[in-house]
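Q: I have a structure open and want to walk through a few spots in it. Can you take a look with me?

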Amino acid sequence: MQRVKNFNPGPAALPRVVLERAHAEWFDFAGTGMSVLENSHRTKPYEAMQADAAARIAALYKLPSTHEVLFVQGGASTMFATLPFNALGDGKRARYLVTGTWGEKAAKEAKTVAKLLGQPEPAVHSTKRAEGWAFASVPAQGSVPFEASDAYVHLTTNETVDGVQFDLGGPAALPTVSSPLVADMSSDFVSRPMDLAKFACVYAGAQKNAGPSGVTIVIVDKAWADACRNDIPVIFQFRTAIENRSLYNTPPTLGVYLVREVARWIDEQGGLVAMEAMADHKSKLVYDAIASSAGFFTSPVDPAARSRMNVVFRLPTPELEAAFVKAAEGEGLVGLKGHRIVGGIRASLYNAVEETWVLDLVDFMARFRKLHGH
Ligand SMILES: *Cc1c(COP(=O)(O)O)cnc(C)c1O
């Protein structure tokens, strides 16, 4: 069996140990004599497993009991609409910080929902540029006119397509706001310690860094969710998932199971502190390879806002970029093609991407550069 070195943006690499454990339990989940796929979600073994999955996520983040970990379906894209449906009301305006492709989509959905609900249009603060790499930074501190009356402030902690990430300090730090803060953390969830108690709501499609596609992790402040609208369909209300411990309807059972195994693996590796150290180390290897390439590889992103999860870079021409992707594939380095919207190269370095794969990638980068005369 030949396993590749997987730099896919999502669905993405999963820890080998997680796949092995799921494989070992494939025909007999928790001694039930059937796979997790075949279990009812209304059984003790399943419910205990799901509760353990939520508890493990909460423990990784040291989450206080004010917040609840939920598992829902529909992906982060569904949350783009679910969030404003829940949280827009009283004539208050939402505020969106747009630092990339996903945030732009989130803001667009909020605009549609605001209109449907007869609420004011969201305020959008975008760092999009007219030329070059469209998104390359996060808003300068103090540049966004937050208001205490904002319904909520939404941002994307890591922009997967554009390679732009908020930091926890310094010039690209997450803003401090007095209104409810909401974050799409799809592509840097469980990649670093963070005080999630500061957020009213955090959501993440699991398939980037926390598990497979099909399950979306939502972490909400219960008091905030309780104050959200109750005149929308129950299936869309956050309180429904909270009150029913994510068992109002059938949850994505296999996905939840794999998220639990990923959370267990992270814990065994040393928790989020260890994940952050590895993410810093792996991304530095690639950014250093870019910096020392005498301009053959270039990063289009502001150094303060460069992502440690999705490292994007360019080569002198699109033809060389295509040749780079093809030659890399020949060496078992896969998933390096940039998103179709932006082109270029993207190396996604999620938790499960092994250090040796990244060492092989930077070695390949150096050889490719020499081969092409730099
Ligand atoms: C992948 C991604 C999404 C979309 O996720 P789906 O689960 O496909 O809806 C949204 N936001 C970010 C930051 C992403 O990386």
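Predicted model: local features only at pLDDT ≥ 70, side-chain atom pairs only at ≥ 80, totals over all residues.

Q: Fine. Where is Val311 found?
A: Val311 is in strand E11, which covers residues 310-313.

Q: Is Val311 buried or exposed?
A: Buried. Its relative accessibility is 0%, and under 20% counts as buried.

Q: How far is Val311 from Asp162, C-alpha to C-alpha?
A: The separation is 8.7 Å. Along the chain the two are 149 residues apart.

Q: New topic. Which helix holds Tyr61?
A: Tyr61 is in helix H2, residues 44-61. Tyr61 counts as buried because its relative accessibility is 6%.

Q: What does the side chain of Tyr61 reach?
A: The backbone nitrogen of Val190, at 2.7 Å.

Q: And which residues does Tyr61 touch, leaving out those up to four places away in sequence?
A: Phe189, Val190, Ser191, Arg192, Met194, Leu196 and Leu272. Take Leu272: its C-alpha is 7.7 Å from that of Tyr61, yet the two are 211 residues apart in sequence.

Q: Where does Phe199 sit?
A: In the loop between E8 and E9. Phe199 is buried, with a relative accessible area of 3%. Its C-alpha lies 7.3 Å from that of Asp221, which is 22 residues away along the chain.

Q: Where does Ser186 lie?
A: Ser186 lies in the loop between strand E8 (181-184) and strand E9 (201-205). Ser186 counts as buried, at 9% relative accessibility.

Q: What does its side chain do? Which partners does Ser186 have there?
A: There is a polar contact with the side chain of Asp184, at 2.7 Å. The Ser186 side chain also reaches the backbone nitrogen of Gly205, at 3.2 Å.

Q: What else is Ser186 in contact with, beyond four places in sequence?
A: Besides Gly205, there are Ala76, Tyr203, Ala204, Lys208 and Asn209.

Q: Let's switch to helix packing. At what angle do H3 and H4 cross?
A: Roughly 40°, and the axes come within 8 Å. H3 is residues 75-87 and H4 is residues 101-117. The crossing is right-handed.

Q: Which residues make that contact?
A: H3 brings Ser77, Phe80, Ala81, Pro84 and Phe85. H4 brings Trp102, Lys105, Ala106, Glu109, Ala110, Val113, Leu116 and Leu117. By type, that is ten nonpolar, one polar and two charged.

Q: And how do H1 and H7 pack?
A: H1 (residues 16-24) and H7 (residues 253-269) pack at about 130°, with axes 9 Å apart. That angle makes H1 oblique to H7. H1 passes H7 in a right-handed crossing.

Q: Which residues meet there?
A: From H1, they are Val17, Val18, Arg21 and Ala22. From H7, they are Tyr257, Leu258, Glu261, Val262, Arg264, Trp265 and Glu268.

Q: How many of those are charged?
A: Four, alongside seven nonpolar and no polar residues.

Technical notes: Residues numbered from 1 in each chain as written. Heavy atoms only, no water. Axes fitted to C-alpha atoms, helices over the stretch in contact; angles between N-to-C directions. Helix = DSSP H or I, 4+ residues; strand = E, 2+ residues; numbered from the N terminus. Parallel < 35°, antiparallel > 145°, perpendicular 65-115°, else oblique. Left-handed = near helix turned anticlockwise from the far one by under 90°. Contact = heavy atoms within 4.5 Å. Nonpolar A, V, L, I, M, F, W, Y, C, P; charged D, E, K, R; others polar. Buried < 20%, exposed > 50% of the residue type's maximum accessible area, 1.4 Å probe, protein only. Polar contact = N/O pair within 3.5 Å; in protein donor to acceptor, adjacent residues only side chain to side chain.
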